[in-house]
Amino acid sequence: MTLKEKLLKKSNLWHLAAIGIFLLISCAYFYPALQGYSLKQSDIVNFTGSSREIQDYRENDGDQVLWTNSMFSGMPATQISVIYEGTWLSRFLVKAAGLWFPFPVFCLLVYFLGFYVLSQSLRIKPLIGVIGSIAFGLSSYSIIILEVGHNSKALAIGFAAFMVAGFIMAYRFKNWILGVALSSVFMMIELAANHIQITYYMMFILLLIGIVELVRYVQKSELLKFFKITGLLLVGYVLAIMVNYGNIFGTMEYAANTIRGGTELTVTPTGESNKEIKTEGLDRDYVTAWSYGRSETFSFIVPNFKGGQSIRLGSNEANKNILKNADPAYRSVLAENYQYWGDQPGTSGPVYLGVIVVFLAFLAVVYVKDKYKWALLTITLLVVAMSWGKNFVSVLVILPILLYMVNMFLDEKKQLVFSLANTALLFLVILAGDVIVAHSLTDFFLDVLPGYNKFRAVTIVLSVAELCIPLLAVLFLQQLITAKDEIQKNLKGFYSVSGGMAIIMLAFLVAPSAFNTFLSAQEINYLQGISDPATYDQYADFFTSLENVRIEIFRKDVLRSFVFLVLGGALVFAFVRTSFSKYAFLGVLGSLVLFDLLFVDMRYLNTDGTGKKYDQWTETYNRDYPFKAGDGEKQILALEIQANPSIQFAIDSALTVLEKELKDDKAVAREKELKRDYLTFRMLNRNSNFRVFEEGNPFNSSYTSYFNKSVGGYHGAKLRRYQELIEFHLSQNNPSVIDMLNVKYYLRPQYDNSGVVVNTALTRKNTTALGNAWFSKKITTVNNADEEIVALAASNTYEITAMKGVEVRIDGTPVETKILTGREKVEILLPGMAEPMAIEQMPYEAVGEEALALIADSAGLNWMYDVVPDSLVSKIFKLKSAGRAGWNPAEETIVDKRFMDKVSAESYTAAGTIEMVSYSPDKLVYTSNSPDKQLAVFSEIYYPEGWKAYVDGTEVPVLRVNYVLRAIELTAGEHKIEFVYELESYKKSGMIANAGSVGILLLLAFGIFIAVKKDTTEGSETV
């Protein structure tokens, strides 16, 4: 049969029908995306803020800047938003995989099509492949990450199915060259998703099924062919890496300097040793902060096993009747407590794989003959144990998990005996493995497995189980359809699996407290920490009511899963024992799987709303322009224009052009206003260079970065030294560090009830900011990172003075006058008071040139500026500025001894001037003039890769000072200073990517040529 005849086969109509089903489900579920709406994704809002400067220069100047100053005082753009040259092939195929639909329809199609291709690589019947695709694409975690905006993770999970399919094709296609070519294509798009953590975890699947293939080829006496395929496969993967060279090597360069690259510090901000949590990558506590509870794994079959989602009980309409039946005395308080009670700090939802899908996967372990089942079982058990993270399981658990692979060499009877014994060993190790080996599985992987300590949130590894379990399920369905008679003759396995799961569900219903706990560890610790018996009894009653509410939530979901289990089990039994049509059977089964998963998914991502307004969707322009300038931004703009009127001219010129475009634009008024705001502050940022400190949650918000350059931001991989600066100093509001980072303004966002910024207030202008650059006076040399970061310690001090007749206590000691640093406990004892009263909110930030006074009047205690005579108001104490204590960056520069070869003096005169004259994210220009040799310090972040300094056109060495800043030594006279950021990996990436793309196309063309010429592509083989 020719290739043309193959393409025109009637059986290919099944594939078209499958695509049609996927389109129908995707478009029906996410229909607002086809009506001009986008999901309200918190991470995408943060991404828009963090990438705004990068996109500005790319869209308006055609420049791909590789550095941005919009957040964390400056960082590489590598892991924010960089488009590399030469990636035309991967970008085209990525879009094609989602059939060019808008997000999130696009992503759901990638899920479906990826798994469908995977099923076809194993010659699974198309309708069964559709069921597996639905199970994979609608597993709850895959949908939840779309809701929060983890788009690159979602695409990496979807493309991983393609990647595994390609790997299988390489070893099972008779035309293995075409299989290798497809494998390289799929690896290319997997890497293009740029979520290395997902790709890393999915490699476990390739490793284990690779072992299965090695065994198969050895048994067939075709070891040489195996090595040929493996060798060419490695070549194909190299080509895929070449296409993604920029992303991969840019990430590697960057990662070495981030929190994933380990730390030089040996102490914590409190001065304690970090030895117990330190690794060569992320700290152990950081890696395992999100760890799945051991019993929480039952959420695979009961989504609300631990409550499902970290939301208030009263905010969930599904809890309305349950709360109505709760103890009336606690009903309102219960409504404010969390529904989730698991081990994680918080979660957007569970990993629910579908009770029917898990049921079918268990049947696969019993009935499927393909040796892949042992690899898939082993991988699933391994990643589940890995997901437990800090919830201890002995490293010894690896042994019984890997021993399941021994079944490949045993006949069916021996497999049963061996598996039962090994399963008993597995449970023994899980329950009491620490008695034999007390070292944990997580610590073992962190210490031994290369690269494992670079990734955070070990729960993400469960994405591997999300792929393996549906794959096991479809392998069983394939066996059921093609070998129904064999299963009919041996139903013991069916009875064991269905009976076992049913008993577990019934036990959950009858005795929930015997198999689950309904208070979180924090709640239990809180209750146990109450020493007063009366208070304890009151809280114990409340927590009992809370437990009862959660038990009802749990039972409700158990019952739901039990019903689906019974329906799924009954359907399989009916098909095995009757002449039930296989198409009807698969159709009904697929519908059950669809509704089971979809109804759970819609708890977390839905189209609920009022009229044309959706709760979780917004007009697309709100995604592209998520913020409106508030009062604070407008005040900053006015102050900057007042200092530099040319900024107004630049803004007016740009607005004139925009107004012409908006004149014929059909955009609504709000969209036009958002575009004007964006352009206004885009021009401000291009014509100025200062930073803003966002009060409240500065290091987990990119709001400020959308309008101004920020010391904070939102990113999962901050520069390591900057993160340490945050932990040691910025989080403590160290004024000297804030000054050296050129923070000119403090901004406080104002939020509505849903947490959306609705306005801002300019709370303070920092008059002591050091500007873009300054000349240093004194050099202080330190020996290591510990000494350097500690040397930056500084704080504002305040003088408190008690008024007559009032007792003021500082940390429990009465004082008349005392100097404060802002961390002390302040109490007052007024006449008539039996016990001192703590002053919880001391407004230190409001203390400026004018002192503050705490007064007592008919309204209670209030603060006011101390301008009113003491005789007119009843003052309790006064609070005024007492200057700054500690390090002063204007006078002293801290230099690690490793950089002292780049300076030639221990002190300088600091005479002369230095100022910035031109700004671009990756090119900064200054002019200086001094009668003497000087050390110029810049309020820019030191980064060893890419930044070069030129003085009058000649490159000069850059040294790191003050833990995170840049400095250069200048000779006397006038100079032009340029900082230029260029990455060698970016320069190379275009050429290397083009070569890789061409190589993959040539390999693909060669595989197709062989297929046409020799007609040897009759699918794959089954073990």
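Predicted model: local features only at pLDDT ≥ 70, side-chain atom pairs only at ≥ 80, totals over all residues.
**Entry 1: cysteines**

I looked for disulfides and found zero in the structure. A disulfide is a covalent bond between the sulfur atoms of two cysteines.

**Entry 2: nonpolar cores**

I looked up the largest nonpolar core and recorded 193 residues in it. The residues with the most contacts inside this core are Leu138, Phe300, Leu360, Phe476 and Phe585. Helix 8 (residues 151-172) contributes the most to this core, with 16 residues. Another core, of 76 residues, lies apart from it and has Met71, Ile779, Ile894 and Val961 among its members. I then listed contacts of Leu138, leaving out residues up to four places away in sequence; among them are Tyr29, Phe112, Leu594 and Asp601.

**Entry 3: a nonpolar patch on the surface**

I found a surface patch formed by Trp88, Val998, Leu1001 and Leu1002, with about 370 Å² of accessible area together. Helix 36 (residues 984-1014) supplies the largest share of the patch, three residues. Leu1001 is located in helix 36, and its relative accessible area of 36% makes it partly exposed.

**Entry 4: salt bridges**

I recorded 42 salt bridges in the structure. Side chains of opposite charge can pair when their charged atoms come close.

- Arg682 pairs with Asp56, with the closest N and O atoms 3.0 Å apart. Arg682 is in helix 31 and Asp56 in helix 3, 626 residues apart. Arg682 is buried at 13%, and Asp56 is buried at 4%.
- Arg172 and Glu213 meet at 3.0 Å, N to O. Arg172 lies in helix 8 and Glu213 in helix 10, so the pair ties together parts 41 residues apart in sequence. Arg172 is buried at 0%, and Glu213 is buried at 0%.
- Arg603 and Asp557 meet at 2.6 Å, N to O. Arg603 lies in the loop between helix 27 and strand 4, and Asp557 in helix 26, so the pair ties together parts 46 residues apart in sequence. Arg603 is partly exposed at 32%, whereas Asp557 is buried at 4%.

Finally, I noted one network in which salt bridges with shared partners join Glu264, Arg721, Glu788, Asp896, Arg898 and Arg960.

Definitions and conventions. Residues numbered from 1 in each chain as written. Heavy atoms only, no water. Disulfide = S-S within 2.5 Å. Patch = residues over 30% accessible without salt bridge, like charges linked within 9 Å, V, L, I, M, F, W, Y side chains within 5 Å. Areas by Shrake-Rupley, 256 points an atom, 1.4 Å probe, with all protein chains shown as cover. Salt bridge = Lys/Arg side-chain N within 4 Å of Asp/Glu carboxyl O. Helix = DSSP H or I, 4+ residues; strand = E, 2+ residues; numbered from the N terminus. Buried < 20%, exposed > 50% of the residue type's maximum accessible area, 1.4 Å probe, protein only. Core = buried A, V, L, I, M, F, W, Y, C linked by side-chain atoms within 4.5 Å. Contact = heavy atoms within 4.5 Å.
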